[in-house]
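Thanks, everyone. I have one model to walk through today, so please keep the viewer open and follow along.

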Amino acid sequence: MLNCKDVTYLASDYLDNNAHGLLPWKIRMHLLACSCCRRFIRHLKITTKVVPQFVYQQQAQELNAEDVLRRIKERRQRQEES
Amino acid sequence: MTLYPPADYMDEQQLINGLIAGDDRAFCAAISRFQHSMLTIARAIVGDAFADDVVQDAWIAIHNNIGKFEQRSSLKTWVMTIVSNEAKGRLRRESRKVSLEELDGETPGSYLDGANFKSDGHRIAATPFWHTESPEEILEEKQLQRCINKTLSILPPAQKTAFLLRDIEQQSFEEICEILQVSAANVRVLLHRARLTLMQVIDRFQETGTC
């Protein structure tokens, strides 16, 4: 029987389907009995959904494609001249 | 003249044709689509200091070679292969290795800290409740976004890279192993630690409203 410490270590493997053999079943058995670990796994799953969205929002605000293109052209020109 | 947004280049074949024709709008569309992924891969291989240069050189290589692109893979795969090769070429000149010290030990205060568990492995304290578990509501918190960005900026480099490649760029574990030159087991440890650190930020924010 797995304990909370085991499940805390295995949480990402469980969510990523990287736990194999009997392990997913053992984790599910623990989760049936442990509301704290159910909440922990749920929060980790939310984290893996929410943080990428924050990053995508930030990236969309930061990127200026025309400015990037201008710098690429300048670099290409320097390379051609040298 | 405004080149962006390049609405005509949503379709991949149109984008490829535009790149072959040397259309700046197509390049802006490709930059919008791939620049962040390219930077993530370049940073993973050569680090922050050289990543910008590597990505610019990759764009020049894309410009010079797009006519030879045979479309046996997606454009994204071809672009990522080019940036990866540029970065590896740079790496050969600038020796850099992932520090595996990040895999050692447990950070005090983290969820993995042994002090959180009794001798039988069960939790000493209950997992905290969150005020909201709705991703939509969590995403509305601008202050939390700043906290997440700040935390990402100070994550140990290999953890940050594993997280960005897997959870942001959706790269396979095999591809991440290849880029970081570490085992799949080590990638999983790095990724888990990064996620737990970020989850702790949400935990703290839900409890205190601050980072």
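A:Asn17 sits in the loop that joins helix 1 and helix 2 of chain A. Let me start there. Before going on: this is a predicted model. A:Asn17 is not a glycine, yet its phi is positive, about 60°. Is A:Asn17 buried or exposed? A:Asn17 has 8 C-beta neighbours inside 10 Å, so it counts as exposed.

Chain B has a counterpart to show. B:Gln71 also carries a positive phi of about 60° without being a glycine. B:Gln71 lies in the loop between helix 3 and helix 4 (75-93) of chain B. With 10 other C-beta atoms within 10 Å, B:Gln71 is exposed.

Now chain A as a whole. It has four helices and zero strands. From the N terminus, the order is α-α-α-α. Of the 82 residues in chain A, 24% are buried.

Next, helix 3 of chain A.

A:Arg75 lies in helix 4 (residues 65-81) of chain A. A:Arg75 has 16 other C-beta atoms within 10 Å, so it is partly exposed. Take A:Val55 as a reference point. A:Arg75 and A:Val55 are 20 residues apart in sequence, and 28 Å apart in space, C-alpha to C-alpha. Which residues does A:Arg75 contact, leaving aside its neighbours within four places in sequence? They are B:Gln56 and B:Ile60.

That brings us to chain B. It has nine helices and zero strands. Along the sequence, the pattern is α-α-α-α-α-α-α-α-α. Of its 211 residues, 36% count as buried. Take the contacts in chain B with a separation of 6 or more: residues 24 or more positions apart account for 62% of them.

How is chain B divided? The domain assignment gives domain 1 (7-93) and domain 2 (100-208). Taken over C-alpha atoms, the centres of these two domains of chain B are 29 Å apart. Their contact takes six residues from domain 1 of chain B and seven residues from domain 2 of chain B. On the domain 1 side, the classes are three nonpolar, two polar and one charged.

Now the contact between the chains. 38 residues of chain B are in contact with 38 residues of chain A. Which elements of chain B give two or more residues to that side? They are helix 2 (24-46), helix 3 (48-65), helix 5 (135-139), helix 6 (142-154), helix 7 (157-168) and helix 9 (184-208) of chain B. By class, the chain B side has 21 nonpolar, 10 polar and seven charged residues.

Last stop: helix 6 of chain B. Its 13 residues should span 18 Å at 1.5 Å a residue; the end C-alpha atoms are 19 Å apart, which agrees. Its buried residues are B:Leu144, B:Ile148 and B:Leu152. What covers the buried residues of helix 6 of chain B? The cover includes helix 3 (35-62) of chain A, along with helix 5, helix 7 and helix 9 of chain B.

Definitions and conventions: Residues are numbered from 1 along each chain as its sequence is written. Chains are lettered from A and ligands numbered from 1 in the order in which they are written. This is a predicted model: local features need pLDDT of at least 70, side-chain atom pairs count only at pLDDT 80 or more; totals for chains, interfaces and linings use all residues. Two residues are in contact if their C-beta atoms, placed from the backbone, lie within 7 Å. Ala, Val, Leu, Ile, Met, Phe, Trp, Tyr, Cys and Pro count as nonpolar, Asp, Glu, Lys and Arg as charged, and the others, Gly among them, as polar. The expected span of a helix is 1.5 Å times one less than its number of residues. A residue is buried if 20 or more other C-beta atoms lie within 10 Å of its own, exposed if 12 or fewer, and partly exposed in between; C-beta atoms are placed from the backbone. Domain bounds come from an automatic or database domain assignment.
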